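Biologist: Please take a close look at the charged side chains of this model, at its surface and in its salt bridges. I would welcome the criteria together with the assignments.

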Amino acid sequence: MTDTQNAILRVGENEYPCPLLTGTENETAFDIRKLRAESGLISFDDGFGNTGSCESAITYIDGDAGILRYRGYPIEQLAEKSSFLESSYLVLYGELPTADQLERFRRRVQENAAIHTAMEHHFDGFPSHSNPMAVLSAMLNSLGCYYPEMASNRREEDLERFDEAAAMLLSKVRTIAAMTYRMKMGKPFTFPRRDLNYCQNFLHMMFSDPYHEYEDTAGLAEALDLFFLLHADHEQNCSTTTVRMVGSGHANLFASVSAGVCALWGPLHGGANQAVIEMLEEIHDSGDDGSRFIEDAKNGKARLMGFGHRVYKNYDPRARILGKAAERVLAAIGDANDPLLAIARNLEKSALEDEYFIERKLYPNVDFYSGLILTAAGIPVEFFTTMFAIGRMPGWMAHWKENASDPKARIHRPRQIYQGANQRDYLPIDQR
Ligand code: CMC
């Protein structure tokens with residue numbers, strides 16, 4: 001039951017008014033912050049599927065309508081007209097930059113591309129089979145040791161140095177990813193160049209050798225820029241919520257985004273882009289066109305990776321943009337008939353016409369086509385989730401800042417319903 005300002009929760013004879021809270025897009029919540037104090041009751045929502053954990057002004061998603069906006073700007077417009085760096089500025093600071101602001105931001109990111117030479121030695125300590133996500137998380141956290149003035153764990157001080165730290169992380173996350181690749185390949189590190197843009201520099205650091213400069217003849221830097229832009233933020237997903245959670249205890253930005261990398265790692269979250277390509281390869285190698293796999297997914301024997309989303313119950317708008325981009329990129333590298341693209345298109349078509357997927361509102365998500373672009377750009381599958389992490393860096397940092405700047409923000413601390421043993425007495429070991 002609701003009245004104009006409150007939802008009323010009735011338990012037995014008692015009524016508890018919960019104030020209504022309405023967002024700028026008219027999404028309404030009822031506020032239960034005082035419920036426990038007034039009634040002894042807590043809310044239960046495992047997996048936080050219906051829990052608003054914060055108020056945020058960064059990203060808006062309407063999952064039923066397939067809408068995604070950064071700071072109010074539709075993702076389709078940003079994908080067409082903006083760049084990753086410009087959208088990162090937007091996500092971080094709330095407004096599109098002027099030409100001057102963008103140039104200063106770009107320069108700051110550029111000047112921060114290289115890492116402290118002492119940090120190069122950290123790579124000697126990782127075995128070459130290390131997972132790049134483990135290396136990335138460790139290295140991002142280690143960065144805080146080199147810049148302790150930005151990682152004080154005193155909120156006001158860390159906020160004061162935020163602009164510097166954010167430009168540094170945005171730049172160095174890409175350098176660390178490229179250095180990890182070089183380390184794993186047994187190749188010398190490639191230094192960043194001042195004359196290249198963000199993605200050109202990344203490809204250069206990944207693939208240039210002392211005796212051979214990498215050349216991008218197929219517009220791959222542009223495709224990567226789009227990939228990063230589309231991943232820049234996605235409101236309260238698992239990794240972003242982790243970053244906010246860690247930051248809510250006043251942990252510094254470096255520690256918080258390092259935790260975000262770990263949260264992103266799993267195959268149900270950022271790891272799905274890797275799982276999609278592995279699935280497409282497996283289908284291809286088994287001689288299936290996708291139909292058998294669809295049946296397995298329906299029978300619960302497999303999960304169609306890159307399909308379904310906790311929030312989108314419609315086509316993920318990022319998948320639509322990336323699907324078209326994948327076709328452009330594959331054509332540009334002369335692989336328009338890539339068998340994996342054909343299988344992906346076939347899977348998508350079959351799933352969109354199948355009652356199982358229709359009923360459950362399962363549509364392609366951002367990861368369904370992104371792997372095809374990354375493969376075309378020469379990125380090894382093992383690095384796909386790292387690429388997601390590079391793209392998500394602006395979002396993680398914007399959420400850390402939003403939380404840290406809120407004077408009313410409290411440490412995140414959910415409750416639970418205890419379902420364990422009742423009190424019992426300790427038994428000495430010889431009596432058990
Ligand atoms: N293939 C087959 N069935 C599926 C799939 C799928 N990909 N996803 C969900 N279902 C079924 C699921 O079995 C369940 O069926 P039933 O009602 O009969 O038990 C129903 O749909 C609801 O699924 P759920 O697991 O309760 O949904 P969720 O909101 O908890 O999970 C998800 C969302 C993204 C984890 C899930 O859809 C999934 O595992 N997808 C594949 C992995 C993937 O692509 N992840 C990337 C997500 S987008 C990038 C990001 O944000 O990280």
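Modeller: Glu-278, Glu-281, Glu-282 and Asp-285 together form a negative surface patch. A patch is made of residues with over 30% relative accessible area and no salt bridge, like charges being joined within 9 Å and nonpolar side chains (Val, Leu, Ile, Met, Phe, Trp, Tyr) within 5 Å. Asp and Glu count as negative and Lys and Arg as positive, while His and the chain ends are not counted; the charge is placed at NZ of Lys, CZ of Arg, CG of Asp or CD of Glu. Areas follow the Shrake-Rupley method with a 1.4 Å probe, and for residues only the protein chains shown count as cover.

The model is predicted: local features need pLDDT of at least 70, side-chain atom pairs count only at pLDDT 80 or more, and totals for chains, interfaces and linings use all residues. Residues are numbered from 1 along each chain as its sequence is written, and side-chain values use heavy atoms, with hydrogens and water left out.

Helices (H or I, at least four residues) and strands (E, at least two) are DSSP runs numbered from the N terminus. Glu-278 has a relative accessible area of 39% and is therefore partly exposed; buried means under 20%, exposed over 50%, and partly exposed in between (1.4 Å probe, protein chains only).

A positive surface patch is made up of Arg-36, Arg-410, Arg-413 and Arg-415. Arg-410 is found in the segment after helix 19 (384-405). With a relative accessible area of 67%, Arg-410 is exposed.

Other charged residues take part in salt bridges, defined as a side-chain nitrogen of Lys or Arg within 4 Å of a carboxyl oxygen of Asp or Glu. By this rule the count comes to 21 salt bridges. Side chains of opposite charge can pair when their charged atoms come close.

In helix 16 (residues 339-353), Glu-348 and Arg-345 lie 3 residues apart, about one turn of the helix, and their side chains meet in a salt bridge at 3.2 Å, N to O. Glu-348 is buried, at 9% relative accessible area, whereas Arg-345 is partly exposed, at 27%.

The bridge between Arg-360 and Glu-359 has an N to O distance of 3.7 Å. Here Arg-360 is partly exposed, with a relative accessible area of 41%, and Glu-359 is exposed, at 56%. Glu-103, Arg-106 and Arg-107 are joined in a network of salt bridges.

Arg-71 is not a glycine, yet has a positive phi of about 50°. Most residues other than glycine have a negative phi. Arg-71 sits in the loop between strand 5 and strand 6 and is partly exposed, with a relative accessible area of 22%. Strand 5 (residues 67-70) and strand 6 run antiparallel and are joined by 2 bridges; two strands pair if DSSP finds at least two bridges between them. Arg-69 has Pro-74 of strand 6 as its bridge partner.
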